[in-house]
Amino acid sequence: MSEFWTIDFVPLLAAGLSALACALVGNLLVLTRRAMAADALSHAIVPGVVIAVALAGVAGSVVVLIGGIASAFAASALVAFLVRAGRVEPGTALGVVFTTFFAFGVLVLEWSGLARTGFDVHHVITGYLEGLIWVGAEGGDGGLLATVATLPPVVFELALVLVLVVAILAIFRKELALLAFDPVFARASGLPVGLLEAALLTATALACTAAFKSVGVVLAVAMIVCPAATARLLTQRLSTQVALSAAIALGTVLFGYAAAILAPRAVGSALALNAAGTIGAMAGLLLAGTALIRARA
Amino acid sequence: MNLLAGLGFNTVVVMVGVAALGCAAGAAGTFAMLRRKALVSDAVAHGTLPGIAGAFLLAALLGRAPREAAWLMGGAAIAAILSLAAIEWLARRPRIGHDTATAAVLACGFGLGLALMSVVQTLSVGSQAGLEQLLFGSAAGMLPGEAWLMGGLAVLVLAVIGLVLKELSTVAFDPDFAATIGLPVARLDALVALLCASVVVAALPIAGFVLAVALVVIPPAAARFWSDRAGVVVVLAAAIGSASALAGAALSAILTDTPTGPAIVLVAALFFTVSLFFGRARGLLAGGAA
């Protein structure tokens, strides 16, 4: 059991917190057909994060989050500008901006020397849940609080981001729902559309940036898209859909992580699969399975 | 000729392969852009990872040399076609839509690929180091055989586009008219998707999973600022793609710590920025003059 607390507990907790934040935002992004925009955004935050870390000299939570949000707003403004002023097709504009931002971020990472100091860009993409080992899990004499304080900092960062995302979505829940279902009416009735878009963008950028260091960009995108889309197949009501998506996200994390650890063991192998990868794949299988069943029903 | 002689045969082969690929990518990408399906190539590029990992594992099981380009590209091609089929299937389910289907296939295909890759990395084959390069690409380590394969595929793609250029242009600029005169719009769309997928698969070794899509997206977007005629846009996109791929590969070879994928993308972005301002048809500064 102590092995579970040391090796498996923190990756599960981190993946669960991140998946919740992503899935909650994902409901609105899927409804407004912006799943690929979320994928683009998750790549476009890279240069902001890298530059912020290079300038500040530390990879602290606040520095990373501010850099990510700044980058997301810059990319989003540029896409809007290309579409409006340059008459570029929206999907193409996304493709141009996110590949350019990402390429620039990778080069800054390589050239600034950050790539050699443990800021591994592979992990940004693939996730490195396996690296989240809880050294203090055995517990000292300091009691529960002291033991909790020994958790890796990324857990607190992810928890903070989840709280922020939930707060943003809760404050604007009625307005955002109206904007998602009936944008024409929302505009006509005088809703502050610009402010709402900015709030949604901030929440998305927060969820993606927090996923960055340990969970990985790929898992973030899978969790933004799949649980919300699966829930949408099962219900028409937004409140039910949000609750369902959260449950699906947590379930996927649990079963995906278990599959990564147990599947190789079942065939007698000692290795473990990339957990972020198996969780993402499982989210997709669940969506495909639900789509198959609902189409027949 | 002296210049070419100084570079050595292998370098010339790689350069020709890269240039041909950029050319084919620009041409195929133009039609994807005009049909508003530019980002499908992004999902296809990510979706090739499980195919490559699977081919690697299969090759290792059969005792073949898994780094052989034909094996990996075969696996990538099969996975790319499956990804395309999955997107189309999922997009047709009620209440999902093309955008969600594309993103779902992208993320989940790549996730499955990562899980398989973690198996590959534990194999003591010793030659899987090349797979690490696939994330950001590298033209420098390319074998002449791979360059020939890439170049050959590029020529094939260009030949197909040349054969049906007129039909593709009609569908791209006026799909309703195309349907009226009896053109198989759905089949031509599928052809464009397949051509883009082939280019993206061929581009993986030099540009990597994340940025291969840029070769298909940025050159056509840049070319679009210069003309409203499909023929002109295709030729320009092919030229810009070719120049970006060549210059990017060269920069990555000259500068240290500069992976090929990002270098190609930034060169292409430069072409895009210049076109955005100075393009004669739709550029920002063209309005008053036209």
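In the predicted model, Thr100(B) is in contact with Val30(A), Ala35(A), Val225(A) and Ala229(A), once its neighbours within four places in sequence are left aside. Thr100(B) belongs to helix H5 of chain B, which covers residues 97-120, and its relative accessibility of 2% places it among the buried residues, because the limit for that class is under 20%. A second residue of chain B with a contact in chain A is His46(B), for which the partners beyond four places in sequence are His43(A), Leu106(B), Gly109(B), Phe110(B), Phe209(B) and Val210(B). His46(B) is carried by helix H3 of chain B, residues 40-61, and is likewise buried, with a relative accessible area of 2%.

The secondary structure of chain A consists of 14 helices and zero strands, so that the pattern read along the sequence is α-α-α-α-α-α-α-α-α-α-α-α-α-α. The radius of gyration of chain A is 20 Å, close to the 19 Å given by the globule rule for 297 residues, and chain A is therefore as compact as a globular protein of that length. The C-alpha trace of chain A extends over about 60 × 55 × 40 Å along its principal axes. Buried residues account for 56% of the 297 residues of chain A, and, among the contacts in chain A with a separation of 6 or more, 73% join residues 24 or more positions apart.

For chain B, the secondary structure comes to 13 helices and zero strands, and the elements run α-α-α-α-α-α-α-α-α-α-α-α-α from the N terminus on. A compact globule of 290 residues would have a radius of gyration near 19 Å, and the value for chain B, 19 Å, agrees with this expectation. Along its principal axes, the C-alpha trace of chain B spans about 60 × 60 × 30 Å. Of the 290 residues in chain B, 57% are buried, while residues 24 or more positions apart make up 74% of the contacts in chain B with a separation of 6 or more. Chain B exposes about 11700 Å², with carbon and sulfur atoms supplying 69% of that area. The 14 positive and 12 negative charges of chain B have mean positions that are 8 Å apart.

The buried nonpolar residues were examined next. In soluble globular proteins, nonpolar side chains tend to be buried together. The largest nonpolar core of the model contains 209 residues, and the members that touch the most others are Met223(A), Ile206(B) and Phe272(B). The element that gives the most to this core is helix H1 of chain A (residues 2-31), with 16 residues. When residues up to four places away in sequence are not counted, Met223(A) touches Ala19(A), Cys22(A), Ala23(A), Ala249(A), Thr252(A), Val253(A), Ile279(A) and Ala283(A). Ile206(B) is also one of the residues in contact with Ser138(B), together with Gln133(B), Pro205(B) and Thr260(B), neighbours within four places in sequence again being left aside. Ser138(B) is situated in the loop between helix H6 (129-133) and helix H7 (144-163) of chain B, and its relative accessible area of 16% makes it a buried residue, since buried means under 20%. Ser138(B) and Met73(B) are 65 residues apart along the chain, and their C-alpha atoms are separated by 15 Å.

Two loop residues of chain A were considered for their backbone angles. Most residues other than glycine have a negative phi. Arg33(A), by contrast, has a positive phi, near 55 degrees, although it is a residue other than glycine. Arg33(A) is placed in the loop between H1 and helix H2 (35-44) of chain A, and it counts as exposed, because its relative accessibility of 53% is over 50%. Arg87(A), also not a glycine, has a positive phi of about 55 degrees, and this residue lies in the loop between helix H4 (61-84) and helix H5 (90-111) of chain A.

Conventions:
Residues are numbered from 1 along each chain as its sequence is written. Chains are lettered from A and ligands numbered from 1 in the order in which they are written. This is a predicted model: local features need pLDDT of at least 70, side-chain atom pairs count only at pLDDT 80 or more; totals for chains, interfaces and linings use all residues. Side-chain values use heavy atoms; hydrogens and water are left out. Helices (H or I, at least four residues) and strands (E, at least two) are DSSP runs, numbered from the N terminus. The radius of gyration is taken over C-alpha atoms; the globule rule is 2.2 Å times the number of residues to the power 0.38. Buried means under 20% relative accessible area, exposed over 50%, partly exposed in between (1.4 Å probe, protein chains only). Contact means heavy atoms within 4.5 Å. A nonpolar core is a set of buried Ala, Val, Leu, Ile, Met, Phe, Trp, Tyr and Cys residues joined through side-chain atoms within 4.5 Å. Accessible areas come from the Shrake-Rupley method with a 1.4 Å probe; for residues, only the protein chains shown count as cover. Lys and Arg count as positive and Asp and Glu as negative; His and the chain ends are not counted. The place of a charge is taken as NZ of Lys, CZ of Arg, CG of Asp or CD of Glu.
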